[in-house]
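Hi everyone, thanks for making time today. Let me put the model up on the screen, and then we can walk through it together.

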Amino acid sequence: MVLCLQENLLPSVTMPFFNHSMSHPAVFFLTGIPGLEMSHAWVSIPFCCLYAIAISGNGMILFVILTESSLHEPMYYFLSMLSFTDLGLCLSTLVTVLGIFWLNAREISFDACLSQMFFIHGFTFTESSVLLAMAFDRFIAICNPLRYAMILTNSRIIKVGFAIVIRGTTALVPLLLLLKRLSFCRSHVLHHSYCFHPDVMKLSRTDTRINSAFGLAIVVSTAGLDSVLILLSYILIIRSVLGIASMEERKKAFGTCISHVSAVAIFYIPMISLSLVHRFGKHAPPFVHTLIANVYLLIPPVMNPIIYSVKTKQIRKAMLKVFLSKVT
């Protein structure tokens, strides 16, 4: 998601847009955790645990929503979209991250790198859009509950899902095509254990101003716009809830939003932190970049199923029902 907030808009070597050779490296070299290369086998243990929690947790949520008819409601359809997105985000980085820790497999081809970027940034775009759709769901449920079922019909939810996919794809394809036009310098060493658009673009010896401007426009029109609309929806929700006379009803209304607010926080805070570190933390130790980059992609998929299973009674009951049926 954080595509190119940190790139310098003045390239180190300026070349005409139409007058350069298309020099793509055969491979890039990914980086594990700087300074801990000899301990990668041990470092892989917590990463394996996090991946296991994320994959099993999101897989379980998808399974219970699919199989439990009582969960076939708009709120849980959006939650299933969030879980699917988190699952995709985990699988997009799992091979390269664990490949480095277990096999020291640092090489990745240029085309494979582009493919990984497409899925990583595509799923982060999708997650931002899904969180916005979930905010709209909470807004309708609290501010206009009588028309909730009429507004969020199954057909409209399907259309929202298609719109989210189309939005992310149309933003990403031009960005990656612009990246393919760049030539790269001799150093092909990336600073993360996966391909990250700003990281790859920093290695280019070509004029990257178009890439930077387009990437910034995408960030503003996706995560930036989504975050503003989510904030606006909660301002309207708070105003509506404060108009409720009963204190008990107020607590109940706010209680339905806790899980979503938590999901928004654990998505946007690491993303903003990574943007700030890339833009202003050039002199920070290398492991700081690596740590925040991994937190940015791993923490939301790990925490979202935990938050929703703990805070949402219906999800918790459905999960217990599945476990008890397996035991008996």
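The sulfur of Cys49 has its closest cysteine sulfur in Cys48, 6.9 Å away, which is too far for a bond. A disulfide here is a pair of cysteine sulfur atoms within 2.5 Å. Cys49 counts as partly exposed because its relative accessibility is 43%, and Cys48 is partly exposed at 24%. On those words: buried is under 20% relative accessible area, exposed is over 50%, and partly exposed is in between, with a 1.4 Å probe and protein chains only.

Quick housekeeping: this is a predicted model, where local features need pLDDT of at least 70 and side-chain atom pairs count only at pLDDT 80 or more, while totals for chains, interfaces and linings use all residues. Residues are numbered from 1 along each chain as its sequence is written, and side-chain values use heavy atoms, leaving out hydrogens and water.

Cys113 and Cys195 form it, with their sulfur atoms 2.0 Å apart. Cys113 sits in helix 3 (residues 110–143) and Cys195 in the loop between helix 5 (154–180) and helix 6 (197–201), so the pair ties together parts 82 residues apart in sequence. Helices, by the way, are DSSP runs of H or I with at least four residues, numbered from the N terminus.

Now let's turn to the surface. Lys252, Lys313, Arg316 and Lys317 gather there in a patch of positive charge. Patch members have over 30% relative accessible area and no salt bridge, and like charges are joined within 9 Å; a salt bridge would be a side-chain nitrogen of Lys or Arg within 4 Å of a carboxyl oxygen of Asp or Glu. The place of a charge is NZ for Lys and CZ for Arg. Which helix gives the most to this patch? Helix 11 (residues 313–327) does, with three residues. Lys317 is found in helix 11, and Lys317 counts as exposed because its relative accessibility is 54%.

Ser70 and Ala318 are 248 residues apart in sequence, yet 9.0 Å apart in space, C-alpha to C-alpha. Ser70 lies in the loop between helix 1 (40–67) and helix 2 (74–103), and is partly exposed, with a relative accessible area of 43%.

Note on methods
Patch = residues over 30% accessible without salt bridge, like charges linked within 9 Å, V, L, I, M, F, W, Y side chains within 5 Å. Areas by Shrake-Rupley, 256 points an atom, 1.4 Å probe, with all protein chains shown as cover. Lys, Arg positive; Asp, Glu negative; His and termini not counted. Helix = DSSP H or I, 4+ residues; strand = E, 2+ residues; numbered from the N terminus.
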